[in-house]
Amino acid sequence: MKIVYDSRTGLGKQFAQGLGYSCQSVDETLDTMCILVTRNVGLGKIPKTTKQFIKDYSHLIKGIVVNGNKRYGRFYCGAGKQIEAEYGLSVIRRIEGSGTPADALFVKEFIKKVAE
Ligand SMILES: Cc1cc2nc3c(=O)[nH]c(=O)nc-3n(C[C@H](O)[C@H](O)[C@H](O)COP(=O)(O)O)c2cc1C
């Protein structure tokens, strides 16, 4: 299991690195199943880099974490809704910034279940 991050300012990368698994960027080649930690652009839209990664590797994505900011109101983690609608993948957790210990625990428990 790897954690793949699409992170512009580093918060999602920080969350990814705290999970205790090998991490890499969406720009790198993937060879095993992963959890994708992504972010939002312009009012709940999916970053282009994430779209490309999903097109290339959707078969290896076991779950998605979306990293947003509640100040965006109804668009909070809106990219997650778009990903579910466009690609039929599941968002397992919405986090703010680099997430909380509870967010990390939740994702680690999820990984344990899917890796069994
Ligand atoms: C141009 C722009 C648009 C954003 N739009 C949203 C949004 O619609 N919903 C949301 O929850 N967060 C939005 N955000 C916040 C980012 O998702 C948030 O800052 C995230 O923590 C960035 O992650 P990163 O540090 O891994 O790049 C936006 C940020 C930027 C710069």
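## Aromatic pair

Rings of Phe, Tyr and Trp (for Trp, the six-membered ring) form a pair if their centres lie within 6.5 Å; planes under 30 degrees apart count as stacked, over 60 as edge-to-face and the rest as tilted. The structure, a predicted model, holds 1 aromatic pair. Phe 53 and Tyr 57 make up this tilted pair, with 5.2 Å from centre to centre and 50 degrees between the planes. Phe 53 and Tyr 57 are about one helical turn apart because they lie 4 residues from each other in helix 2 (residues 48-57). Helices (H or I, at least four residues) and strands (E, at least two) are DSSP runs, numbered from the N terminus.

## Residues around the ligand

The ligand is surrounded by 19 residues, where near means that a heavy atom of the residue lies within 4 Å. The closest are Ser 7, Arg 8, Thr 9, Gly 12 and Gly 44. This shell has 7 nonpolar, 10 polar and 2 charged residues. Here Ala, Val, Leu, Ile, Met, Phe, Trp, Tyr, Cys and Pro count as nonpolar, Asp, Glu, Lys and Arg as charged, and the others, Gly among them, as polar.

## Distances to ligand oxygen atoms

A backbone N or O atom of Arg 8 lies 2.6 Å from an oxygen atom of the ligand. For a polar backbone atom of Gly 12, the distance to a ligand oxygen atom is 2.8 Å. In Asn 67, a side-chain N or O atom is 2.9 Å from an oxygen atom of the ligand. Helix 1 (11-17) and strand 4 (61-68) are the elements that give two or more residues to the shell.

## Basis of the model

Residues are numbered from 1 along each chain as its sequence is written, and side-chain values use heavy atoms, leaving out hydrogens and water. In this predicted model, local features need pLDDT of at least 70 and side-chain atom pairs count only at pLDDT 80 or more, while totals for chains, interfaces and linings use all residues.

Technical notes
A polar contact is a pair of N or O atoms within 3.5 Å; within protein, one must be able to donate a hydrogen and the other to accept it, and residues adjacent in sequence count only if both atoms are side-chain atoms.
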